[in-house]
Structures are given as C-alpha cells and as structure tokens.
Amino acid sequence: MAATASPGTGGMDGKPRTSPKSIKFLFGGLAGMGATVFVQPLDLVKNRMQLSGEGAKTREYKTSFHALTSILKAEGLRGIYTGLSAGLLRQATYTTTRLGIYTVLFERLTGADGTPPGFLLKALIGMTAGATGAFVGTPAEVALIRMTADGRLPADQRRGYKNVFNALIRIAREEGVPTLWRGCIPTMARAVVVNAAQLASYSQSKQFLLDSGYFSDNILCHFCASMISGLVTTAASMPVDIVKTRIQNMRMIDGKPEYKNGLDVLVKVVRYEGFFSLWKGFTPYYARLGPHTVLTFIFLEQMNKAYKHLFLSG
C-alpha cells in the first residue's frame, strides 16, 4: 500500500505541507493593501517632496513636516488620503504578484533538508519577482503618482481624477493605452533595486536574528528584520524612485515630453537641483517605506501562521 502523509506533518516527498499558491498570492496582496491604508499619507508626502523644485523652480516644501502641514492646511484631512484607491489597486496588482512569486520561488529553491537559498539567490529571486510585479502594477502606479501630485497644481491645471478607475479610463481615452505603461522601464528598474534590497535583506536579516539566539520566530523578530530591510531599501532605491515619479507625472510640452528617458531625468535633477536632490525626501521616503515594509511582512507572517494553524495542522 502506498504511504500517505499525515496531516500537518509533511507530504509524500517529506517536505512540510504549505499553503496553495493561490493563497500565497492572495495573502501577499492583502498584506500590502492593509499596510497601504496606514501609510498612504506618507506616500503622498513622499511624492510631493520628489516633485518639489522640479525644473529649477523654488522648492514648495522645505521639509516633510512642512509638506504635511501645508497639504492639511490647503486640502484638508481628506487631502492626505488622495490617491488611496490607486494605492490599493497598486498593492492588489504589484504586491500580489511580487510577494506571491517570491514566496513560490523561495520555497522551490529551499533544500529538502530545509536549507534556505543563499543571499545572492535570494536577491535574484527578489529582482525577478519585483520586475514582474512592477510590469503588472504600472498602470495603477501611473494613476497613483498623478492623483497624489494633483493637489500641488493650480486649479486650472489639475487632472481631477475621481478615483483610480476614472484615472485609468481617462488616461487610456485621452492619451492612449500605452500611456498606462509610461515609465514602465524605470518602474521595473526601481522594483529590481527595491526587491533585491527589501526581500533579500528581510530574509537575510530574519535568518541572522534567529541564528543569533536572541530572537524567536515572533512579531518582534519580524519587526526588527523589517526595519533593517526598509533602511537598506531606502538608501539603495531613492535615485531610481525619483526618476520613476518624474516620468510618470510628466506632461507633454509643445508635443514633446518633459523628459526623454530616465537618464535625462537624472541629468536634469543633478544639473538644476543638485546631486543630493537624487535623495530628496529621504525622511518621508523611509517614513513611508519603513512602516509599509514592517506592516506588510507582519500582516503576511500573521496570515500565514493563521492559515497553517487553521488548515494545515493535524
């Protein structure tokens, strides 16, 4: 008679039972969406800071706190949640794909004895997952950048999107479907940098903390690993992120785009705003990315634990 695996212990190949792929993708998206609800105001401030001073203009905001108070004063409490629908759709597409693919590849490349992939392989997995997720999520990303940037413009220049679906429909109708993927290359490049740093450094940090003997696999360990991961990601990805933001928000001037490509953005930012403007808004960037990283992985870990307890335990 063929051997059978006892529930909650392992499969025919001796590996522990895991949740289905569809659940991994679902949990990845839900974790990202849950985190977005908390950090959307920080995302708004980050985008406004990156656009401040564009084209050699005087910076609109001196600090992230100045940006936040200015937005509250001019646009009210609802104003700081502008673009929330786009942020949620971005997570439903980008994060679902990114974390789902990362989780599946990570498990497939884990040894039969439970040995996790090495650091370089983790980075490669992260880059693959990030680039794929970025392509899928670019339309929502374009809508998000435009919606969060709208409030800084004079009333007669605002795009006035009502929600993310209105934004997507109008962009496709008024500027053509390809515009939904404007900035796809820098978006994917940013995702490669972000995910190589974020996902690999999170896994590596968590593994290091557990191996130290001072941490157990609990929420404190997840929090500390996430904070380390967020810091590494912020430092590595800011120059690429400002390129993505500027390209996706740009307008056509006399039939020509403001920027030719990502390199043109970098050159103009350095020439007109200074080299360190590539890291403009470091504080709001980390203030957004750090907590989002923390909340995403905490939600993901807790949902995975709950699923295993409810459905995979004997």
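**Exercise 1.** At what angle do helix α3 (residues 84–108) and helix α4 (residues 119–149) pack, and how far apart are their axes? Classify the arrangement and describe the contact by residue class.

*Solution.* The model is a predicted one.
- Step 1: The angle between α3 and α4 is about 170°, and their axes lie 8 Å apart.
- Step 2: Angles over 145 degrees count as roughly antiparallel, and α3 and α4 are therefore roughly antiparallel to each other.
- Step 3: Sorted by class, the residues of the contact of α3 with α4 comprise 15 nonpolar, 10 polar and four charged.

**Exercise 2.** Determine how α1 and α7 are oriented to each other, and which residues form their contact.

*Solution.*
- Step 1: α1 and α7 pack at about 85°, with 10 Å between their axes.
- Step 2: The range from 65 to 115 degrees counts as roughly perpendicular; α1 and α7 are therefore roughly perpendicular to each other.
- Step 3: From α1, the contact involves Lys46, Asn47, Gln50 and Leu51. From α7, Met238, Asp241, Ile242, Thr245, Arg246 and Asn249 take part.
- Step 4: This contact of α1 with α7 has three nonpolar, four polar and three charged residues.

**Exercise 3.** Is asparagine 249 buried or exposed, and which residues does it contact beyond its neighbours within four places in sequence?

*Solution.*
- Step 1: Asparagine 249 belongs to helix α7 (residues 219–249).
- Step 2: The cut-off for a buried residue is under 20% relative accessible area. Asparagine 249 has 10%, so it is buried.
- Step 3: With its neighbours within four places in sequence set aside, asparagine 249 is in contact with Leu51, Ile145, Arg146, Ala149, Arg152 and Arg159.

**Exercise 4.** Carry out the corresponding analysis for threonine 296.

*Solution.*
- Step 1: Threonine 296 is located in helix α9 (residues 282–312).
- Step 2: Its relative accessibility is 3%, and threonine 296 therefore counts as buried.
- Step 3: Neighbours within four places in sequence excluded, threonine 296 is in contact with Ala31, Gly32, Ala35 and Leu99.

**Exercise 5.** Compare the span of helix α2 (residues 64–79) with that of a straight helix of 16 residues, locate its bend, and identify its buried residues.

*Solution.*
- Step 1: At 1.5 Å a residue, a straight helix of 16 residues would span 22 Å. Between the end C-alpha atoms of α2 the span is only 15 Å.
- Step 2: A bend of about 85° occurs in α2 at lysine 73.
- Step 3: Ala67, Ile71 and Gly79 are the buried residues of α2, and α1 (21–51) is included in what covers them.

Notes:
Residues numbered from 1 in each chain as written. Predicted model: local features only at pLDDT ≥ 70, side-chain atom pairs only at ≥ 80, totals over all residues. Heavy atoms only, no water. Helix = DSSP H or I, 4+ residues; strand = E, 2+ residues; numbered from the N terminus. Expected span 1.5 Å × (residues − 1). Bend = angle between axes of the 7 residues up to and from the residue. Buried < 20%, exposed > 50% of the residue type's maximum accessible area, 1.4 Å probe, protein only. Contact = heavy atoms within 4.5 Å. Axes fitted to C-alpha atoms, helices over the stretch in contact; angles between N-to-C directions. Parallel < 35°, antiparallel > 145°, perpendicular 65-115°, else oblique. Nonpolar A, V, L, I, M, F, W, Y, C, P; charged D, E, K, R; others polar.
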